[in-house]
Amino acid sequence: MTTLTPYEAIGGEQAIRSLVDRFYFYMDILPEAQGIRAMHQPSLASARDKLFKFMSGWLGGPNLYMEEFGHPMLRARHFPFAIGEAERDQWMLCMNKALAEMIMDPQLRTHMQAALQHLATHMINQETERLP
């Protein structure tokens with residue numbers, strides 16, 4: 001019995017491109033995502049291309065990001081940006097909305113959301129002020 005990779009299970013390249021396009025669509029239009037949108041260039045083309053390439057390999061498809069840019073080193077690459085819980089939550093808001101539009105097994109969606117939440121939390125590099 002052959003087990004499909006998540007990349008194959010969601011529909012391969014075309015599905016990942018659609019996911020990434022929807023993610024950036026939401027980042028661009030949602031007032032709640034203004035904080036992370038402001039961290040990006042006016043054109044989202046480069047970010048869209050990099051996220052597509054990263055997601056391809058991350059989901060078990062071709063390692064396009066590593067072939068072009070080397071190891072993702074995500075935390076190091078994101079360190080120049082102030083990322084706190086609010087930015088993580090904005091990123092996840094956009095990603096969860098994009099994932100909700102994908103036709104996929106609900107268990108796979110839940111697994112991807114949890115894995116991406118963990119990944120997004122790992123990007124946090126700013127302390128959140130706690131009120132006493």
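A crossing of two helices counts as left-handed if the near helix is turned anticlockwise from the far one by less than a right angle, and as right-handed if clockwise. Helices here are DSSP runs (H or I, at least four residues), numbered from the N terminus. This is a predicted model, so local features need pLDDT of at least 70 and side-chain atom pairs count only at pLDDT 80 or more, while totals for chains, interfaces and linings use all residues. Residues are numbered from 1 along each chain as its sequence is written, and side-chain values use heavy atoms, with hydrogens and water left out.

Start with α2 and α4. α2 passes α4 in a right-handed crossing. Their axes (lines fitted to C-alpha atoms, for helices over the stretch in contact, with angles from 0 to 180 degrees between N-to-C directions) come within 9 Å and cross at roughly 135 degrees. The two helices are therefore oblique to each other; angles under 35 degrees count as roughly parallel, over 145 as roughly antiparallel, 65 to 115 as roughly perpendicular and the rest as oblique. In contact terms (heavy atoms within 4.5 Å), α2 residues including Ile-16, Leu-19 and Phe-23 meet α4 residues including Ala-47, Leu-51 and Phe-52. By class, that contact has nine nonpolar, one polar and four charged residues, where Ala, Val, Leu, Ile, Met, Phe, Trp, Tyr, Cys and Pro count as nonpolar, Asp, Glu, Lys and Arg as charged, and the others, Gly among them, as polar.

α4 also meets α8, with axes that come within 14 Å and cross at roughly 120 degrees. That makes α4 oblique to α8. Phe-54, Met-55 and Trp-58 of α4 touch Met-112, Ala-115, Leu-116 and Leu-119 of α8, a set of seven nonpolar residues with no polar and no charged ones.

α8 packs against α7 too, at an angle of about 160 degrees and with the axes 10 Å apart. That makes α7 roughly antiparallel to α8. Among the residues that meet are Trp-91 and Met-95 in α7 and Met-112 and Leu-116 in α8.

Now the pocket: on a 1 Å grid over the protein atoms alone, an open set of points with protein on both sides within 12 Å along at least five of seven lines, lined by residues with an atom within 4 Å of a point. Of its 26 lining residues, Tyr-24, His-40, Ala-47, His-78 and Phe-81 are the closest to the centre. The largest share of the lining, six residues, comes from α4.

Note on methods:
1 Å grid on protein atoms, 1.4 Å probe; cavity = no way out; pocket = protein on both sides within 12 Å on 5 of 7 lines; lining within 4 Å.
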